[in-house]
Amino acid sequence: MSLRTLALAAPSSFPVTKTRNFSSAKTAQRRSKLKKHGPWVSVVAATAAAANVSRNEYNSSTKVVTFLGKGGSGKTTASVFAAQHYALTGLNTCLVIHSQDIMAEYLLDTKIGPSLVEISDNLSVVRLETTKMILEPLKRLKQADARLNLTQGVLEGVVGEELGVLPGMDSIFTILELERITGFLASLHQKKPKKGKYDIIVYDGISSEETLRIIGATSKAKLYLKYFRNLAEGTDLGRLAAPSFLRLVDDALIPSGSSSNIRTSSETWDVLDQILEKGSSIFTEPKTFGCYLVMDPSNPVSQNSALRYWGCTIQSGSQISGALGLTAPYSTTPSPETQTTSFSPLPFALIPHLKSPGKQHSWTEIMSSNHSKDARDLLSKTANKNPASSVKFDLATKTVKLFVPGFDKSEIKLYQFRGGSELLVEAGDQRRVIRLPNQIQGKVGGAKYADRSLIVTMR
């Protein structure tokens, strides 16, 4: 099933258990009341102003922000910190938790479930559960099948509530749910795309590995789509079965009330390719996607894991926006200058240690603290900054320089197909295709690894 099919088959909205709408007058009244609680409230306002995150920068599209790091390095803490930061700067923010870990509940002092809850001004939170996300896509497919009668009622007999979650389903349904919230693909054919409800979606995934799969899913799926199309159009079995399948997919894609817009099989394949192409571009644009490394600066294993995830992110087709350090209490933390050197050219900042779980957190005080300033500045200043390209071509010397931090030469494999017009790079359980300029296309003459980069010489 395509990304677009799943995305549009998702529910139109989360079930909402609590809704709060604040007019500007009410917000001003609330802030006025807060002033009597101490002078630090004015510091909060100054900090938010200093963050310099304008809503105008997010008017065109919703941005997804996520974090990668070793298990236990503080990804959930960083996600909650970032969500609070964006909300305080006036951006409508949704924190999406996709695990059964209850750390976020302790940090926010609130119960988090599958129903969307607004917990403060500009900040909502929800926990994704794949067992529930299965139901609405199945319902939409049943509706499409009822109109087309392709399965003669077999699909109608499937009881969604008894279906369990299979390996791989978490990532697939996360993609469709994030797409539904952001509205990235719903406006594919609109001249003026409409943004989703939120300015920022902070996603705290099941694991860094699952998040990397999500980041690279649409770009990797394009090749599968190409081969499926060849199979459908070039074999007797494909020509027999594909039209019915594509009709079902297409009917699920068409919004209610526009059923007269029937595409041919060729047009449906083209639309699916456009959807995947747009999905791939989402993860390469800093205006729509931000990914940050998280580590314990006092733990060498955590640091090296973060470096490796940096390389894996590049391999998946995206970029890292910055690096954040979270330290355990009473630990000896290296100076920020040391971390800046290790992760150069990424900006680096420390997030202050938070209280132990079970203790109530005053997020207004935390965010107004001088200890939070550098991390908040990093999250704001990297919002729309284009990271340096990880691939550089030197036509004069016929070399390709690939920036792949976190790996050594023995872990990087090079392959060539398509007559020497491409390089296939394999590292970190990820495969990446690099298309070569015409001037340097040919066979690989040699390769060496230096300064976290693989330098390939063409002949």
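Q: Why is C291 called buried?
A: In this predicted model, C291 has a relative accessibility of 0%, and buried means under 20% relative accessible area, exposed over 50% and partly exposed in between, with a 1.4 Å probe and protein chains only, so C291 counts as buried. Local features need pLDDT of at least 70, side-chain atom pairs count only at pLDDT 80 or more, and totals for chains, interfaces and linings use all residues. Residues are numbered from 1 along each chain as its sequence is written, and side-chain values use heavy atoms, with hydrogens and water left out.

Q: What makes C312 buried?
A: The relative accessible area of C312 is 6%, and because this falls under the 20% limit, C312 is buried.

Q: How many disulfides does the structure hold?
A: The structure holds 0 disulfides, where a disulfide is a pair of cysteine sulfur atoms within 2.5 Å.

Q: Why does N122 count as partly exposed, and where is it found?
A: N122 has a relative accessibility of 27%, which lies between the 20% and 50% limits, so N122 counts as partly exposed. N122 is found in the loop between β4 (116–120) and β5 (123–127), strands being DSSP runs of E with at least two residues and helices runs of H or I with at least four, numbered from the N terminus. Although N122 is not a glycine, its phi is positive, at about 70°.

Q: What makes D429 exposed?
A: D429 has a relative accessible area of 62%, and because this is over 50%, D429 is exposed. D429 lies in the loop between β13 (422–427) and β14 (430–435), and its phi is positive, near 60°.
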